[in-house]
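Hello,

Here is the structure I said I would pass on. My notes follow below it.

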Amino acid sequence: MRVILVGPPGAGKGTQAERLVAKYDIPHISTGDIFRANVGKGTELGQKAKSYMDAGELVPDEVVVEMVADRLTHDDVANGCLLDGFPRTVPQAQALEELLTASKQPINVVLKLSVDEDELVERLLSRGRADDKEDVIRHRLEVYRQQTEPLEYFYWQRGLLRDVDAMGDMDEITERMLAVLEEVKAG
Ligand code: AMP
């Protein structure tokens, strides 16, 4: 099972991703987590990413794609994976499609988490992460609308996009996502 999670910052991707990978026993690949770990360790990759992250901007496509391409060569992705926070732009999605076509491991489904904007800002402010200051949050939402939303059409065209209502109770949202995944799995 190869799954992509898309949705604006604050939609709950990270929390839901943890639950889904536990259920399906597949690796959780979060580009945000990989970047944060690299910033924490002060690696060269972390240094490249930090200024973009602090400003709520996207890290340049070539940096992200190279990192994910490397991650996808690890043995643990043979039976599937859950991509969280990647792709975030159409060029990233195209690069991913090429990588997965070459390795004959196509994406099975793209789950889009839908939440209204007031609830997003509220969730992000209560999270209190370094990049969760209100002006940065607003900017990240704007970047999402401009650069990431076009992915919905990209995946809709391929028949892979499934919309999930991500408002309200976390457990119920997980149930909705699992229902879609079970349907996809059953073919
Ligand atoms: P996230 O935890 O997914 O919200 O990611 C935190 C930050 O890492 C984002 O605001 C971006 O600066 C950077 N980032 C994570 N994933 C990507 C990606 N696929 N493309 C570009 N930048 C990314």
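**Helix contacts and ring pairs**

In H6, Glu-117, Leu-120, Val-121, Leu-124, Leu-125 and Arg-127 meet Glu-134, Ile-137, Arg-138, Arg-140, Leu-141 and Arg-145 of H7. Contact means heavy atoms within 4.5 Å. By class, that contact holds 6 nonpolar, no polar and 6 charged residues. Here Ala, Val, Leu, Ile, Met, Phe, Trp, Tyr, Cys and Pro count as nonpolar, Asp, Glu, Lys and Arg as charged, and the others, Gly among them, as polar.

Before going on, note that this is a predicted model: local features need pLDDT of at least 70, side-chain atom pairs count only at pLDDT 80 or more, and totals for chains, interfaces and linings use all residues. Residues are numbered from 1 along each chain as its sequence is written, and side-chain values use heavy atoms, with hydrogens and water left out.

Helices are DSSP runs (H or I, at least four residues), numbered from the N terminus. H6 covers residues 117-127 and H7 residues 134-148. Their axes come within 10 Å and cross at roughly 135 degrees. Axes are lines fitted to C-alpha atoms over the stretch in contact, and angles run from 0 to 180 degrees between N-to-C directions. H6 and H7 are therefore oblique to each other (under 35 degrees is roughly parallel, over 145 roughly antiparallel, 65 to 115 roughly perpendicular, the rest oblique). The crossing of H6 with H7 is right-handed (the near helix is turned clockwise from the far one by less than a right angle).

H7 also holds Thr-148. Thr-148 has 3% relative accessibility, so it counts as buried (buried is under 20% relative accessible area, exposed over 50%, partly exposed in between, with a 1.4 Å probe and protein chains only). Beyond its neighbours within four places in sequence, Thr-148 touches Arg-88 and Val-143.

Now the rings. There are 2 aromatic pairs (ring centres of Phe, Tyr and Trp, its six-membered ring, within 6.5 Å; planes under 30 degrees apart are stacked, over 60 edge-to-face, the rest tilted). Tyr-153 and Trp-156 have ring centres 5.7 Å apart and planes at 25 degrees, so they are stacked. Both lie in helix H8 (residues 150-157), 3 residues apart, about one turn of the helix. Both Tyr-153 and Trp-156 are exposed. Phe-154 and Tyr-155 have ring centres 4.9 Å apart and planes at 85 degrees, so that pair is edge-to-face. Phe-154 and Tyr-155 are both buried.

Best wishes

Conventions: Helices (H or I, at least four residues) and strands (E, at least two) are DSSP runs, numbered from the N terminus.
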